[in-house]
Amino acid sequence: MKRDHAHQLEHLQAAIAQNTDHVANDGGSPSYGRVATPGMDARHGVILYLDEITVNFDGFKALNKLSLDISVGELRCIIGPNGAGKTTMMDVITGKTAASSGTAFFGQNIDLSKLNEAQIAHEGIGRKFQRPTVFEHHTVFQNLELAMKTDKRVKPTLFSRLTGEQSDAIGATLELIGLKREVWRSAGLLSHGQKQWLEIGMLLMQEPLLLLLDEPVAGMTDAETERTGELLNQLKGRHSLMVVEHDMDFVTSIAGNNKVTVLHEGSVLAEGSMTQVQSDQRVIEVYLGR
Ligand code: ADP
Ligand code: MG
C-alpha cells in the first residue's frame with residue numbers, strides 16, 4: 001500500500017514533468033473533456049486493445065492470454081475475485097509491469113510495450129491507485145494547480161499567475177468533484193471520500209483520454225459512494241474509463257447498459273451487461289455466489 005502511494009506520486013510527477021503543449025486546445029470548452037489527441041489514433045473507435053496478454057511471475061500466470069478492448073468514451077467496469085489479475089492488468093496498461101507475451105495498444109497506433117510509465121501517462125492514460133495520494137499540506141486549489149498540464153516553456157510555480165483558461169479548468173474540475181466549498185482547505189483535512197475525489201480531479205487536470213480507477217469507493221461511506229457514482233457517470237463520454245470495483249451496488253449504478261468484464265485467473269471469464277453477467281452460472285460460482 002505504501003509502495004502504491006509513493007508510486008502514484010512518482011507517476012503523477014513524471015506526467016507533470018513530461019507535459020508539453022502537445023494537445024491542441026480547441027478553445028472555449030473546459031480542457032478536461034478531450035477524447036482524442038493527435039498522438040493517439042482512435043479513428044476506429046477503440047481506445048484500448050489488449051490481445052492475449054500473459055504476465056508470468058516465476059511460473060505463476062497473473063494474466064493468462066487476457067484479451068479485451070475498450071471503445072472511445074466507454075465506461076467499462078471490471079469485476080472478479082481477489083487475485084483475478086485486475087490490478088496486474090492496470091500495471092501492464094500503465095507500463096509498471098511488462099507483459100511476458102501479448103499485445104497492448106492505445107488507439108490504433110501506440111504500442112504500449114514500447115513506452116515507459118512516464119511516456120504512457122504523457123500519451124493520456126491516467127491511473128488512480130486504491131489509496132488517495134494528495135499533497136496533504138497544500139490546499140485543494142494548489143493540488144489541482146500542481147497537477148495541471150503546463151506549458152514547459154513557462155516555468156510553473158505556485159505563485160505564477162494562471163491564465164483565464166487555466167482558472168476555468170480548475171473551476172470546472174472543482175465543480176465536477178464537488179469540492180468548491182473546500183477549495184482553500186488543506187487537503188489533509190478532507191474526508192477520505194473527498195481526498196479520493198480530489199485525486200480524481202488531479203488526474204482530470206492532466207486531461208487523460210483513458211482513466212483507470214482501482215477500487216475507487218473502497219472505504220467510502222454510502223453517501224460518498226453514491227456521489228462517486230454520479231461523478232463517474234458525468235465523466236462517461238468525456239473520457240474513456242476502466243473501473244475495477246467489488247461493490248456490486250456501485251457497479252450496477254455506473255454500469256447502466258454498458259459492458260461489464262469479469263476476470264478470473266488472469267483471463268476474461270464473462271463479458272456482457274451487468275444483468276447478463278450476474279445471471280451467468282460461471283460468474284456466480286467463482287465470484288458472486290461466495
Ligand atoms: P486482483 O487485483 O484481481 O486482486 P492482482 O492483479 O493483484 O489481482 O494479482 C493477481 C495475482 O498475481 C495474485 O495471485 C497475486 O498474488 C499475483 N501477483 C501480483 N503481483 C505479483 C508480483 N509482483 N509477483 C508475484 N505475484 C504477483
Ligand atoms: Mg487489485
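These entries record what I looked up in the predicted model shown above.

I noted that the model is predicted, that local features need pLDDT of at least 70 and side-chain atom pairs pLDDT 80 or more, while totals for chains, interfaces and linings use all residues. Residues are numbered from 1 along each chain as its sequence is written, chains are lettered from A and ligands numbered from 1 in the order in which they are written, and side-chain values use heavy atoms, with hydrogens and water left out.

**Whole chain.** I counted ten helices and ten strands in the protein chain, taken as DSSP runs numbered from the N terminus (H or I, at least four residues, for helices; E, at least two, for strands). Of its 290 residues, 51% are buried, meaning under 20% relative accessible area with a 1.4 Å probe, protein chains only.

**H5 and H7.** I looked up helix H5 (residues 164-177) and helix H7 (residues 222-235), whose axes come within 9 Å and cross at roughly 135°; the axes are lines fitted to C-alpha atoms over the stretch in contact, with angles from 0 to 180 degrees between N-to-C directions. The two helices are therefore oblique to each other, the class left after under 35 degrees (roughly parallel), over 145 (roughly antiparallel) and 65 to 115 (roughly perpendicular). Glu-175, Leu-176 and Ile-177 of H5 make the contact with Arg-227, Leu-231, Gln-234 and Leu-235 of H7, contact being heavy atoms within 4.5 Å.

**Met-205.** I found Met-205 in helix H6 (residues 192-205), buried at a relative accessible area of 4%. Its C-alpha atom is 7.5 Å from that of Ile-170, 35 residues apart along the chain.

Conventions: Buried means under 20% relative accessible area, exposed over 50%, partly exposed in between (1.4 Å probe, protein chains only).
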